[in-house]
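Have a look at the structure first, then read on.

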Amino acid sequence: MTEDLKKLLQKELQLLEDASQVLEYSFAKCSKIGLKADYSPEELESFESLCSRFARLSDIMTQKIFRLLAEIALEQPGTVRDRINRAEKWNLIETADDFVSIRIVRNDIAHEYLPEAIRDIFKKVMGLTPALLKAVDLTKSYCSRL
């Protein structure tokens, strides 16, 4: 690995760490609130922050980290699905299916505006956040061996 790629990986891993910490904070806060039919404005704000942080962290993983690791391995980044499949092969994530679901929910977060659909997104984000955070740990462990 070149010195430039090493520095870039360190920078991206710090970004990953920072994003995972704020997601963990939001996840803990929303876990205390719990899933329900109606939320106060303050609770909605907490869940919307959770969703934003979830989407950001999933983007960092798929668009930055997985792409950079492919470059380091002298492979073509390929499609998002290619990067997810490679991440599973390299044990950066537990299952490709979970990460495909994470990606779908990330897209839903970016494009959904109906209140009843947003509550469904909250439920999905709460269910998938542990898998996303686990992927961060697996990825950091993998990168420490490079």
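Helix α2 passes α4 in a left-handed crossing. The model is a predicted one, and in it the axes of α2 (residues 41–72) and α4 come within 9 Å of each other, crossing at roughly 125°.

**Where α2 meets α4**
- On the α2 side, the contact is made by C51, F54, A55, S58, D59, M61, T62, Q63 and F66.
- On the α4 side, their partners are F99, I102, R103, V105, R106 and I109.
- Sorted by class, this contact of α2 with α4 holds 9 nonpolar, 3 polar and 3 charged residues.

**Where α4 meets α5**
- Helices α4 and α5 pack with their axes 10 Å apart, at an angle of about 135°.
- That angle makes α4 oblique to α5.
- The crossing of α4 and α5 is left-handed.
- From α4, the residues in contact are D98, F99, S101, I102, V105, D108 and I109.
- From α5, they are I121, K124, V125, L128, A131, L132 and A135.
- The contact of α4 with α5 comprises 10 nonpolar, 1 polar and 3 charged residues.
- F99, I102, V105 and I109 of α4 touch α5, and these residues also touch α2.

**Where α1 meets α2**
- The axes of α1 (residues 3–33) and α2 come within 8 Å and cross at roughly 155°.
- Angles over 145 degrees count as roughly antiparallel, and α1 and α2 are therefore roughly antiparallel to each other.
- α1 passes α2 in a left-handed crossing.
- The contact of α1 with α2 is made up of 23 nonpolar, 4 polar and 6 charged residues.

- How many cavities of 30 Å³ or more does a search of the whole structure find? The search finds 1.
- The largest cavity holds about 40 Å³ of space.
- Its lining consists of I93, E94, T95, D98, F99, A131 and K134.
- The elements giving two or more residues to that lining are α4 (96–111) and α5 (115–144).
- By class, the lining of the largest cavity has 3 nonpolar, 1 polar and 3 charged residues.
- D98, F99 and A131 belong to the lining, and they also take part in the contact between α4 and α5.

Note on methods
Residues are numbered from 1 along each chain as its sequence is written. This is a predicted model: local features need pLDDT of at least 70, side-chain atom pairs count only at pLDDT 80 or more; totals for chains, interfaces and linings use all residues. Side-chain values use heavy atoms; hydrogens and water are left out. On a 1 Å grid over the protein atoms alone, a cavity is a set of points where a 1.4 Å probe fits but cannot get out, and a pocket is an open set with protein on both sides within 12 Å along at least five of seven lines; lining residues have an atom within 4 Å of a point. Grid points are joined across faces, edges and corners, and a volume is the space filled by probe spheres set on the points. Helices (H or I, at least four residues) and strands (E, at least two) are DSSP runs, numbered from the N terminus. Ala, Val, Leu, Ile, Met, Phe, Trp, Tyr, Cys and Pro count as nonpolar, Asp, Glu, Lys and Arg as charged, and the others, Gly among them, as polar. Axes are lines fitted to C-alpha atoms, for helices over the stretch in contact, and angles run from 0 to 180 degrees between N-to-C directions. Angles under 35 degrees count as roughly parallel, over 145 as roughly antiparallel, 65 to 115 as roughly perpendicular and the rest as oblique. A crossing is left-handed if the near helix is turned anticlockwise from the far one by less than a right angle, and right-handed if clockwise. Contact means heavy atoms within 4.5 Å.
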